[in-house]
Amino acid sequence: MATAKSHPKKLIFKNLQSPGDIVMLTAAVRDLHKCYPKQFATDVRTPCPHLWENNPYLTRLDEKAPNVRVLSCGYPLIHRSNQLPVHFLNGFIDFLNEQLKLQIHLSSFKGDIHLSKQEKTWMSQVQEIVGQDLPFWILVAGGKNDYTIKWWDPGRFQQVVNHFRGRILFVQVGEEGHPHPALNGVLDLRGKTDLRQFVRLVYHAQGVLCPVTLAMHLAAAVEVKGDRPKHRPCVVVAGGREPPHWEAYPHHQFIHTNGALLCCDSGGCWKSRTLPLGDGDPKDKPQHLCVDVVDALPRCMDMISATDVIRRIELYFNGHAINYLSNDQWRCAQPALAKSRANHSQPSLAIDRGQTLKPGALVHD
């Protein structure tokens, strides 16, 4: 293995991207220390301090102190992801290997998120509301305006919720200020979790249903509670924007359409928006827009039906990895679900993706 003696031992990694990207950086920091134990002191500068809480690989460093190197981190490997069989987790690792002349390798197929012993003893927000520790699935049914091409039809999400009524408790989550339509028959926690609370909610969750977003990365990175399967069930409605090998985790159900359309027959299209929003963002430019739109959905997402998603969720239950709610458990959830229904009016489930939605709340992306 290459030695690191000729390189700075004190490193500050800086990245100002979204939380999902930062989860990937946690893996790179972990594996730097695993591959080169005791050879580096590392600190980070990111917008997401909640993702680094309890992290054993961080040391407080001063950017102005002598012998401290500040490294602005990226993952240029993404530009070759359509051609190479690489995962997003390798992105920052590849960058650090290039910049520091190291041979870091991925040690675990997940990000590195740590909960304290005390956090694990706390009841979930769902238990606080319902009054019982019930199994539940986190549901993300929207997306940020910068990447509307990732959005699926909320009406189809509603069909999924309706199909599992009486058997699965869905908990809709969200970050305040992002467009996200309310669904019926769910426990509504949109706008009620900060990023750390969301991490803890994932810890307690039986499963996750989402598009390509932070929630899927946390579903893999956050420890599973004691008596659950080794890996948390997660169903991802992905379409054709990204090559599946770049985003998918081995134990997730990643529903993609790569290879089924000419626009994504050689990997992901990597477009940003379905239709222009007229907000002045460069992502409205033609080169960033979907080239095959059907009823305001990218065709790659329109090709995914509610039945497809239902079937993928059912696989986890049919394989006996997890169990449905009992009748008594479902009855226990009813008062909380009724209160959630009363707190919002009947939503319009048809989204015009050519307009900016009225901000509700969306899961932290």
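Analyst: Happy to! Let's start with H320, which sits in the loop between α10 and α11 (327-342). The model is predicted, so local features are used only at pLDDT of at least 70 and side-chain atom pairs only at pLDDT 80 or more, while totals for chains, interfaces and linings use all residues. Numbering runs from 1 along each chain as its sequence is written, and side-chain values use heavy atoms, leaving out hydrogens and water.

User: Why does H320 count as exposed?

Analyst: The relative accessibility of H320 is 66%. Exposed means over 50% relative accessible area, buried means under 20%, and partly exposed is in between (1.4 Å probe, protein chains only). H320 therefore counts as exposed.

User: How do you know whether the chain is as compact as a globular protein of its length?

Analyst: First, the parts: the chain has 11 helices and 12 strands. These are DSSP runs numbered from the N terminus (H or I, at least four residues, for helices; E, at least two, for strands). The radius of gyration is 21 Å, close to the 21 Å that the globule rule gives for 365 residues, so the chain is as compact as a globular protein of that length. That radius is taken over C-alpha atoms, and the rule is 2.2 Å times the number of residues to the power 0.38. The C-alpha trace spans about 60 × 50 × 40 Å along its principal axes, and 58% of the 365 residues count as buried.

User: What makes up the largest nonpolar core?

Analyst: A nonpolar core is a set of buried Ala, Val, Leu, Ile, Met, Phe, Trp, Tyr and Cys residues joined through side-chain atoms within 4.5 Å. The largest one has 75 residues, and L169 and L218 touch the most other members. Its largest share, nine residues, comes from helix α1 (residues 19-35). Another core lies apart from it, with 29 residues that include L139, I168, I304 and V309. In soluble globular proteins, nonpolar side chains tend to be buried together.

User: Which residues does L218 touch?

Analyst: Setting aside residues up to four places away in sequence, L218 touches V23, L51, I113, F198, V199, V202 and R232. Contact here means heavy atoms within 4.5 Å.

User: Is H217 buried or exposed?

Analyst: H217, in helix α7 (residues 214-221), has a relative accessible area of 3%, so H217 is buried. Beyond its neighbours within four places in sequence, H217 is in contact with G20, V23, M24, F88, E247 and Y249.

User: And what about Q172: buried or exposed?

Analyst: Q172 belongs to strand β5 (residues 170-179). At 0% relative accessibility, Q172 counts as buried.

User: What makes helix α5 (residues 154-163) count as largely enclosed?

Analyst: Seven of the 10 residues of α5 are buried, so the helix is largely enclosed by the rest of the structure. The buried ones are P154, G155, R156, F157, Q158, V160 and V161. They pack against β4 (137-139), β5, β7 (207-211), β11 (297-298), α9 (299-302) and α10 (306-318).

User: Why is E63 called partly exposed?

Analyst: The relative accessibility of E63 is 34%, so E63 falls into the partly exposed class. E63 is found in the loop between β2 (41-45) and β3 (68-72). Leaving aside neighbours within four places in sequence, E63 is in contact with I12, K14, R45, V68 and V70. The C-alpha atoms of E63 and R45, 18 residues apart along the chain, are separated by 9.9 Å.

User: Last one: how is H288 classed by its relative accessible area?

Analyst: With 28%, H288 is partly exposed. H288 is placed in the loop between β9 (253-256) and β10. H288 touches K271, S272, R273, P282 and K283, not counting residues up to four places away in sequence.
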